[in-house]
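Please walk me through this protein chain, with attention to how its parts are put together.

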Amino acid sequence: MTSRAGAGAQPVERPTTAWGHRNILDLDDFTPGEITSVLSTADTMREVLRRPVPKVPTLRGRTVVNLFLEPSTRTQSSFDRAAKALSADVLNLSASSTSVAKGESLIDTFRTLEALGADVVVLRHPQSGAPYLAAREVSAGVINGGDGWHAHPSQALVDIYTVQQHLGDVKGRRVVIVGDILHSRVARSNVWGFTALGATVVLCGPPTLLPIEVARAYEGRDVCVEEELDRAVEEADVVMALRLQRERQEQGLLTSVREYVRGYQVNDERLRRAKPEALLLHPGPVNQGIEVSAEASRGQRSLIEEQVRNGVAVRMALLYLLLRGEG
Ligand code: CP
C-alpha cells in the first residue's frame, strides 16, 4: 500500500554538521556541535509534524525495534510515533512479549532482532549498562531508552530542546535539578547535556538521595550541589523536578514522603524565588502533589506537557541522524 506521505512528500533537508555516532548511549560523548545538530534537526522534524500529512518517506524500508524491558509511556510511544512519521517499520516488544520471559539472554535477543532486519533497537532496561553490552555485540544501532539509574539521553535532549525553545541559548543559564538524583538516569544525562552547552547545573535533594559521588562524576563540568531547595532556586532559569522513584527506594532513604514534600516539593512559593521567566520541567511520570504541587505543574511556567510533545520531534531527529546515508 502506498503511504499517504507518498512520493510527493517533501523530504527532510540534510543537516550539514558532522555526526559521528553509530549508537546513542549517553550524552557524555556528545560534542556541543552534535547536541546542536540534534536540536536543529528536531526543529525540522517539528515542521514536518505540523504539515497536513505529518509524514515523510525518509526512513522507508528501515526497521526500528522498541525493546522495552521496563514500563514506559512517553519514551516508547514517542519513538513509535517518530519512526512512523519517518515511514520506518516499527516493532514494539516488552519483557512479557519476548523470549526474555523464557530466559533468553539480551545478546541473543538482539541477534534475533538483527536477523529479523532491525536497523535500530531502542532499548529500555532495568540494569545500568545493558545498552552498552548490546552495542558491543551487534551491528544494528542501539539507542538507550533508559538503563537503570545510569542514562536517558533522548529524554535529556527533549528537555534541552524544550528549554531552548523558550530561553534561546542555554549558555550561562542556571538549571536546578531537584529530587531523587540518586536513582535518576534523566538527571545524569541532563547534566552532561546542559553543561556541554555551557549551562550551570545545580543538583539539589536530601543527602540520602544525592550522594556526593554523583556530583564528583562530573569533574571539569559546571556542576554544584545545594542541599536546600530554597537556596538552590534563587536566580534559577530552569527548575527541573524529578520523580521520587518509590519503586527503587531502599528502606531508610527517606524519613517520610511528607518530610520530602516539605523540603523538596517545587511549588509556586519556591518558584517565586527563581527568575521571573524561570521554567518548570518534569520528565515524567509525575507523582502528583509530591515532587511538584498541583498549582505549579499546571501553572504558566510549567512545560511538562510541552516536553511530551517535543519528544516526538527530538526522537525523529535521533532516528534520522543515526540512519541517514546508510543502507
Ligand atoms: N520520561 C520517561 O522516561 O517517561 P516514560 O517512563 O513514560 O518513558
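Domain bounds here come from an automatic or database domain assignment, and that assignment gives domain 1 (19-152 + 309-323) and domain 2 (153-304). The C-alpha centres of the two domains lie 25 Å apart, and the contact between them (heavy atoms within 4.5 Å) takes 32 residues from domain 1 and 28 residues from domain 2. This is a predicted model, in which local features need pLDDT of at least 70 and side-chain atom pairs count only at pLDDT 80 or more, while totals for chains, interfaces and linings use all residues. Residues are numbered from 1 along each chain as its sequence is written, and side-chain values use heavy atoms, with hydrogens and water left out.

Domain 1 and domain 2 bury about 2,600 Å² between them, 62% of it on carbon and sulfur atoms, where buried area is the accessible area (1.4 Å probe) that two parts lose on being put together, summed over both. On the domain 1 side, L27, W149 and H152 supply 32% of the area buried against domain 2, more than any other three residues.

The side chains of R185 and E70 meet in a salt bridge, with 3.2 Å from N to O.

Among the elements that each supply at least two residues of the side of domain 1 touching domain 2 are α1 (32-49) and α12 (304-323), and α1 gives the most, with eight residues; helices here are DSSP runs (H or I, at least four residues), numbered from the N terminus.

Definitions and conventions
A salt bridge is a side-chain nitrogen of Lys or Arg within 4 Å of a carboxyl oxygen of Asp or Glu.
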